[in-house]
Amino acid sequence: MTAHSLKRVRPVLLGLVAGSLAACAVGPNYHRPSAPVPQRFKEAEGWKPAEPRDAASGSDWWSVYDDATLNELEKQIDVSNQTLKASEATWRQAVALVSQARSQLFPTIGATASGTRSRGPQGVTSSSGLTTTTTTTTTTTTPSSHPVNQFDLVGSASWDIDIWGKIRRTIESDVASAQASEADLAAARLSLQGMLATDYIELRVADEQRQLLDETVAGYQRALQITQNQYNVGIVAKTDVITAETQLEGAQSQQINIGVTRATLEHAIAVLVGKPPADFTLAPATLGTAVPVVPTGVPSTLLERRPDVAEAERKMAAENALVGVAISAYFPDLTLTGTYGFTSSMLSHLVSAPNNLWSFGGSAADTLLDFGARSSQVRQARAAYDNAVANYRETVLTSFQQVEDELATLRILEQQVQVQQEAVKSANQAAQLTLNQYKAGTVAYTSVVTQQSIALADAETLLTIRQNRLTASVALIQALGGGWDAATLGSAHGTGAALAAEDAQAH
């Protein structure tokens, strides 16, 4: 392209670029719709947890349980859990779609190089390799004795001018979708972390239940020995011995059965941390006696702390942008095209001014009659947005419900555990007194069996309440978002970037 031609074309290009950048994108701009948010958490009123503790913001919320083994297991979720890796890969796909959409703001530039050698009829050589001889009355074609060369080097460009904002609205939708995908990744991560913590707590409670049954079996064996000794000296009947044996065997059966629960939980934990169950073992241990409870804060902050709420909100933004994409179909598509290059029969002089060729042009395309197709697409996009709004509000309501549920569970179980501890203490005393009375011959052995069975049942109930309190505390932390913050979406400190970096290091 000559300098003169460039001077003529440049104002047109600059005008189109300025017009494209200054143009307003059609369709509604996004504003987050309102959602029902209470002023307070009802179930938290009047309840003062004994040891409220903060879950660390963004990481290590499980550290409130003060368990080194749990800490190590939770860290393996990010590195080895395959479900989380699948979610992280889905997020990377969404991020790649954003880059694809942004590329449409810029021209598509290509280049073509070609070379041909051909021979045709004698005469004047044409670009096709044929020669013709023309007279005033006839045109004749005769063979040429010399082949001819043709070399071309041409660059081309095509640019879709985004005057109506179709591309920008698409980018807006894709960015919001990528953020929704990252929030979904954070929700999946929190869910897996909570699942691991719950399984670990249940496994440790199973260890404590096994310890309880071990102690119970030992106690029943002593009671059986006492009964056997009294039978041997003729003080009691054989039925007392049989009753004691039956009671012992029942406890031994429970003792064996708890192994099924523990093995199943250990296998589940192995899969969560990305290991084959055959290669994973947790030695028996016990948990601390304290049940940590995290502060709930102000209900309005839950909208920024729950990844599932953030995901629903970002999906609304994505659908809102797609309304603008649908509306842009009412306006013409404007495209600029151009070529610039060289053509010559000699390769050594191909790139020179005499061999220059160029073209520049534009086109506009619009639909004149579609029998309601575009209006239907706009209605569809608006309906999809309304659906996303309803889902968002429902997610918000569900999040408040979950917090209230776990607060109520923890508050009520805290009251129940105090009563149950006294019940266990009383049952143990009653069982010991009854056994002493049996030794003195003042009560039948059935009274001993009854009191011992009550004591065992009360102790197992206390363990169940403790397990429920611990798992409810995990559920409350999950319901409060586990220290996550929606402000991290799309940032270098976000869940997606952190997991992608860890995955890169692992490989």
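The model is predicted: local features need pLDDT of at least 70, side-chain atom pairs count only at pLDDT 80 or more, and totals for chains, interfaces and linings use all residues. Residues are numbered from 1 along each chain as its sequence is written, and side-chain values use heavy atoms, with hydrogens and water left out.

**Exercise 1.** Determine the order and the pairing of the four strands in the open sheet.

*Solution.* 
1. Strands (E, at least two residues) and helices (H or I, at least four) are DSSP runs, numbered from the N terminus.
2. Two strands pair if DSSP finds at least two bridges between them.
3. The order is E1-E7-E8-E9, and the pairing is antiparallel.
4. Strand E1 (108-118) and strand E9 (356-365) are the edge strands, as each pairs on one side only.
5. Strand E7 (residues 148-161) and strand E8 (residues 333-344) pair over 11 bridges; Trp159 stands opposite Leu336 in E8.

**Exercise 2.** Identify which helices each supply at least two residues of the lining of the largest pocket.

*Solution.* 
1. A pocket is an open set of points on a 1 Å grid over the protein atoms alone where a 1.4 Å probe fits, with protein on both sides within 12 Å along at least five of seven lines; lining residues have an atom within 4 Å of a point.
2. Of the 17 residues that line the largest pocket, the closest to its centre are Glu215, Thr216, Gly219, Asn428 and Gln452.
3. The helices are H4 (166-232), H8 (373-439) and H9 (445-479).
4. H4 gives the largest share, eight residues.
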